[in-house]
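Here are my notes on the model you sent over. Have the structure open while you go through them.

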Amino acid sequence: MIRKLIAVAAVSGSLALGAVGVAGASTPTPTPSLTPAPSTLATKCAKAEKLVPVIQAGEAKAAAWVTKAQANEAKATGAEHTKLAARIAKRISRVQKLETRGNTVLAKIAAKCGGTTGSSSGTGSASST
């Protein structure tokens, strides 16, 4: 216990003194402008546009999985396997939450980049290629 306390004190002291030494040696630099360059926005939008087909493909797979899982849940409920049905229902809600998050990301990409990416409905939307 004492060893940990000494180690923490040593690390804290070196960090505090190290920060003072670095701050004293540095020269003031001018502050950069806060507006992003148009090339930065274009680059970010290009990267975001590459994610759109990936998100849409994942949502299509999730929609197909949810359909099968709901059938399995109904089968488990009918066979009076309540614990299994509850686990399946929990997984279904988690996947539906991820689908909602994917739709939100697609909407943000469309809003910020002004692209033609639309939010999919979660039941197999077509991707623009």
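The points below go from the overall fold to single residues.

1. **What kind of model.** Keep in mind that this is a predicted model. Every figure in this note is computed from that prediction.

2. **Overall layout.** The protein chain has three helices and zero strands, so if you read along the sequence you get the pattern α-α-α.

3. **Burial.** How much of the protein chain is made up of buried residues? The figure is 18% of the 129 residues.

4. **The disulfide.** The count comes to one disulfide. Cysteine 45 and cysteine 113 are the partners, with an S to S distance of 2.1 Å. Is the link left-handed or right-handed? The angle about the S-S bond is -95 degrees, and the link of cysteine 45 and cysteine 113 is left-handed.

5. **Cover on the two cysteines.** The partners fall into separate classes. Cysteine 45 counts as buried because its relative accessibility is 13%, which is under the 20% cut-off. Cysteine 113, with a relative accessible area of 26%, is partly exposed.

6. Leucine 41 is placed in helix α2. As for cover, leucine 41 has a relative accessible area of 46%, so it is classed as partly exposed.

7. **Glutamine 70 and alanine 89.** Here is another pair spanning the two helices: glutamine 70 belongs to helix α2 and alanine 89 to helix α3. How far apart are their C-alpha atoms in space? The distance is 7.7 Å, for a separation of 19 residues in sequence. Both residues are partly exposed: glutamine 70 has a relative accessible area of 39%, and alanine 89 has 30%.

8. **Glutamate 80.** This is the backbone angle I would point you to. Glutamate 80 has a phi near 60 degrees, which is a positive value in a residue other than glycine. Most residues other than glycine have a negative phi. Where is glutamate 80 placed? The answer is the loop between α2 and α3. Its relative accessible area is 68%, so glutamate 80 is classed as exposed.

9. **Positive patch.** Which residues form the positive surface patch? They are Lys83, Arg87, Lys90, Arg91 and Arg94. Why does arginine 87 count as partly exposed? Its relative accessible area is 49%, whereas exposed would need over 50%.

Methods: Residues numbered from 1 in each chain as written. Predicted model: local features only at pLDDT ≥ 70, side-chain atom pairs only at ≥ 80, totals over all residues. Heavy atoms only, no water. Patch = residues over 30% accessible without salt bridge, like charges linked within 9 Å, V, L, I, M, F, W, Y side chains within 5 Å. Areas by Shrake-Rupley, 256 points an atom, 1.4 Å probe, with all protein chains shown as cover. Salt bridge = Lys/Arg side-chain N within 4 Å of Asp/Glu carboxyl O. Lys, Arg positive; Asp, Glu negative; His and termini not counted. Charge placed at Lys NZ, Arg CZ, Asp CG, Glu CD. Buried < 20%, exposed > 50% of the residue type's maximum accessible area, 1.4 Å probe, protein only. Disulfide = S-S within 2.5 Å. Helix = DSSP H or I, 4+ residues; strand = E, 2+ residues; numbered from the N terminus.
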